Amino acid sequence: MKAVILAGGYGTRISEETQLRPKPMIEIGEQPILWHVMNVYAQHGYREFIVCLGYKGNVIKEYFAHYHLFGSDVTFDFANSKNEFTVHNRYHDSWKVTLVDTGKETMTGGRIRRIRKYVGDEPFMLTYGDGLSDIDIEKLVEFHKAHGKLATVTAVQPMGRFGVLQLTPSREVQGFEEKPQGDGGWVSGGFFILQPEVFDLIDGDMTLWEKEPMSRLAASGQLMAYHHNGFWHPMDTLRDRNYLEDLWKSGKAPWKKKGEE
C-alpha cells in the first residue's frame, strides 16, 4: 500500500520559516518534518511514497536528488575537469519516492485527484506533510480492512492550549492540569486509508478534500473513524515547531523509532 503525503501548501501560519522553503522542509532535529512523517510509515514497513508538491516543490526535489549524500562522507576531486566525487559509507533508506507536481494553487482534493495514475486501482494511505504521531499503522490498516468502507480517518484529541483549573463547587482551586489532552472532542488527524473509488468524489483542482469529498463519504455512510489516543501534534506555527524540536532533542519524541537519531 502506497502512502500519499500532501506537501504543497503555502504554510502561511508559519511564514517565518516558509519564505524560502515549503513547510514540510522545516527541520525537526537535522531532518525536515517530511522525513519524520515518512518514517512514521517506514517503521511499520510501508516504504513507497507519493509526495504531492506545490509551493516551492523544487526544494523537495533537490532534497531527494541529493539524499544519498546526507549522512555520508564525500570526497570531491577538483584536480581534473571531470569534477568527480566519491561517497563513502553510503547510507540510504529503502524507500521509493515519487514526487508529483500537483500545482501551486491546487487545493488538497485536487492534489489527491492529480496523483490517481500513480496510485492505480488499489487502496492507499494519505496524510499531511506537517503532522507527527506515534500511531500504529498496522492497527490502522487492520481497522480499515475490517469495516469494509471506502475511507478511514484517524480521529485524535489534540493537546489543549491552556492549563485547566480543577475547582470545587465553591470555587476553591483543588489542582491544576498543564495543557490536558483534548476536551472530549475528536478532530481529524490525517492518516487516512482510502479506497480508489474516492477519486470519483473529487470534482477538480479547487476541491478541498476536507469539505465536499469527506462530506459525501460521511453522508453515504462510507467514512469510519479510527480512534488514536496516543501522541499527535501538527506543526502549524513556530511555537509548534519549537515544541516538536524540544521533544526530538530530549530523546523522548513519541514518534521516534528505536535507534533513530
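## Overall organisation

The secondary structure of this protein comprises seven helices and 16 strands, as read from a predicted model. Of the 261 residues in the protein, 44% are buried, and the protein exposes about 14000 Å², of which carbon and sulfur atoms supply 49%. When contacts between residues at least 6 apart in sequence are considered, 72% of them join residues at least 24 apart.

In soluble globular proteins, nonpolar side chains tend to be buried together. In this model the largest nonpolar core contains 42 residues, and those with the most contacts inside it are Tyr41, Met125, Ile137, Phe191, Leu244 and Trp255. Two or more residues of this core come from each of β1 (2-7), α1 (33-42), β4 (48-53), α2 (57-65), α5 (137-147) and α7 (238-250), with α1 providing the largest share, eight residues.

Tyr41 can be followed in more detail: leaving aside neighbours within four places in sequence, Tyr41 is in contact with Ala3, Tyr46, Phe49, Met125, Leu126, Thr127, Ile137 and Phe191.

Helix α2 has four residues named as buried, namely Gly57, Ile60, Tyr63 and Phe64. Because these residues cover an arc of only 115° around the axis, they lie on the same side of α2, whereas Asn58 and Glu62, on the other side of the helix, are exposed.

Met224 lies in strand β15, which spans residues 223-227. With a relative accessibility of 29%, Met224 counts as partly exposed, because the partly exposed class lies between the limits of 20% for buried and 50% for exposed.

Not counting residues up to four places away in sequence, Met224 touches Phe143, His147, Lys149, Ala151, Thr152 and Val153. Leu150 is 74 residues away from Met224 along the chain, yet the C-alpha atoms of Met224 and Leu150 are separated by 8.5 Å.

Terms used:
Residues are numbered from 1 along each chain as its sequence is written. This is a predicted model: local features need pLDDT of at least 70, side-chain atom pairs count only at pLDDT 80 or more; totals for chains, interfaces and linings use all residues. Side-chain values use heavy atoms; hydrogens and water are left out. Buried means under 20% relative accessible area, exposed over 50%, partly exposed in between (1.4 Å probe, protein chains only). Contact means heavy atoms within 4.5 Å. A nonpolar core is a set of buried Ala, Val, Leu, Ile, Met, Phe, Trp, Tyr and Cys residues joined through side-chain atoms within 4.5 Å. The arc is that of the directions from the helix axis to the C-beta atoms. Accessible areas come from the Shrake-Rupley method with a 1.4 Å probe; for residues, only the protein chains shown count as cover.
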